[in-house]
Amino acid sequence: MYTIKQAAARSGVSVPLLRAWERRYHIVEPARTTAGYRLYDDEALERVRTMRRLVDAGWTPSTAAAAILSGETIAESEARAGGPAGAPTAAGDGSSAGLDVDLVQAFVDAAAALDPDALEVVLDRMFARGTFEVIADGQVLPALAAVGDAWADGRLGVAAEHAASHAVLRRLSAAYQAAGRQAPSQGAILVGMPPTVRHELGALAFSTAARRAGLPILYLGPDLPVADWVATAIETKARAAVIGVLVESDVRPAVAVAEGLRAALPDLLVCFGGRSAARARNDGAGPTLILPEPLDAAVGALQDELGLRSTGQPPAEERAAP
């Protein structure tokens, strides 16, 4: 076992960078001494070395971490991505709003400068390029990932990351409010994050896209305790619950929410969404719907599972039933 200084030296990264990769990407989970000091084993060191090699080769930290956590080889990840991991790709739906590297960099630069006006200008330029779903998937969420990567690399401070995240949060909140009808008092679809989990922007983007498709979404936000998930589902007679699972550390609390909901409401449709959604299902959560990416595919999968039309209404034969 190695201390954090020894682990950093043996893996070829700095101590601050090792801490950042651990906190943000969860590629290692060190043991702790009785005094609370981190201890790393050889397997952890190899993960950090792999992360360093991939980043040095041009991968973004988020993509490299995802490959490491999935257990994929470098060759498998490159084949899946259609080229070197982290390379920008165009949108695959025929839209002209593929990833604009200049806009993403402008967003990172505005965050680094702590310039709220510049952040708003870049977001205006992004959302002028297409529909909400295309822009959220192809521009905004990748820009946030780039900000996160810059923070993990030490190029941005925490204040800059928070400024960028809150600018996007304000924009998504406004889009959510403008997206459609309010959730009914009964039969809502609940969307939120499990307890202790605060990175909510992906879940809010999904909620907005789902409301735009006519679904009766009740967005519950981040860090919601299991008891409150269950109480809300019972009170609203919810028809489904969508739990965000972005990173590996979200899996355990997400499974706890699913188990609580299933114990109270066995017939409730429980869904996981986010990059680590499949890991939650594999962790013993029982039957669940794993929502695919991108946003429109996730919304469509939920509609299909619930038997809802694009308006969010039940089929005519259901509406006519007594």
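Modeller: A residue is called buried when its relative accessible area is under 20%, exposed when it is over 50%, and partly exposed in between. The model discussed here is predicted.

Colleague: Why is Glu-46 called partly exposed?

Modeller: The relative accessible area of Glu-46 is 37%. Because this value lies between the cut-offs of 20% and 50%, Glu-46 is partly exposed. Arg-53, with 42%, falls into the partly exposed class too.

Colleague: What makes the contact of Glu-46 with Arg-53 a salt bridge?

Modeller: The N to O distance between the two side chains is 3.3 Å. The cut-off is 4 Å between a side-chain nitrogen of Lys or Arg and a carboxyl oxygen of Asp or Glu, so the pair qualifies.

Colleague: How many salt bridges does a search of the whole structure find?

Modeller: The search finds nine salt bridges. One of them joins Glu-120 to Arg-170, with the closest N and O atoms 3.3 Å apart.

Colleague: Why does the pair of Glu-120 and Arg-170 tie together parts that are 50 residues apart in sequence?

Modeller: Glu-120 belongs to helix 7 (residues 116–127), while Arg-170 belongs to helix 9 (residues 158–178), so their pairing ties these parts together.

Colleague: Which class does Arg-171 fall into, buried or exposed?

Modeller: Arg-171 has a relative accessibility of 19%; because the cut-off for buried is under 20%, Arg-171 is buried. By contrast, Glu-120 has 23% and counts as partly exposed, as does Arg-170 with 48%.

Colleague: How do you know that Arg-171 and Glu-120 form a salt bridge?

Modeller: Their side chains meet at an N to O distance of 2.6 Å, and because this is within 4 Å, the pair counts as a salt bridge. The pair links helix 9, which holds Arg-171, to helix 7, which holds Glu-120, across 51 residues. Through shared partners, salt bridges join Glu-120, Asp-124, Arg-170 and Arg-171 into one network.

Colleague: Which residues of helix 1 (residues 4–11) are buried?

Modeller: The buried residues of helix 1 are Ile-4, Ala-7, Ala-8 and Ser-11.

Colleague: Why are these residues said to lie on the same side of helix 1?

Modeller: Their directions around the axis cover an arc of only 100 degrees, and therefore they share one side of helix 1. An α-helix has 3.6 residues a turn, so residues three or four places apart point the same way. Lys-5 and Ala-9 are exposed on the other side of helix 1.

Notes. Residues numbered from 1 in each chain as written. Predicted model: local features only at pLDDT ≥ 70, side-chain atom pairs only at ≥ 80, totals over all residues. Heavy atoms only, no water. Buried < 20%, exposed > 50% of the residue type's maximum accessible area, 1.4 Å probe, protein only. Helix = DSSP H or I, 4+ residues; strand = E, 2+ residues; numbered from the N terminus. Arc of directions from axis to C-beta.
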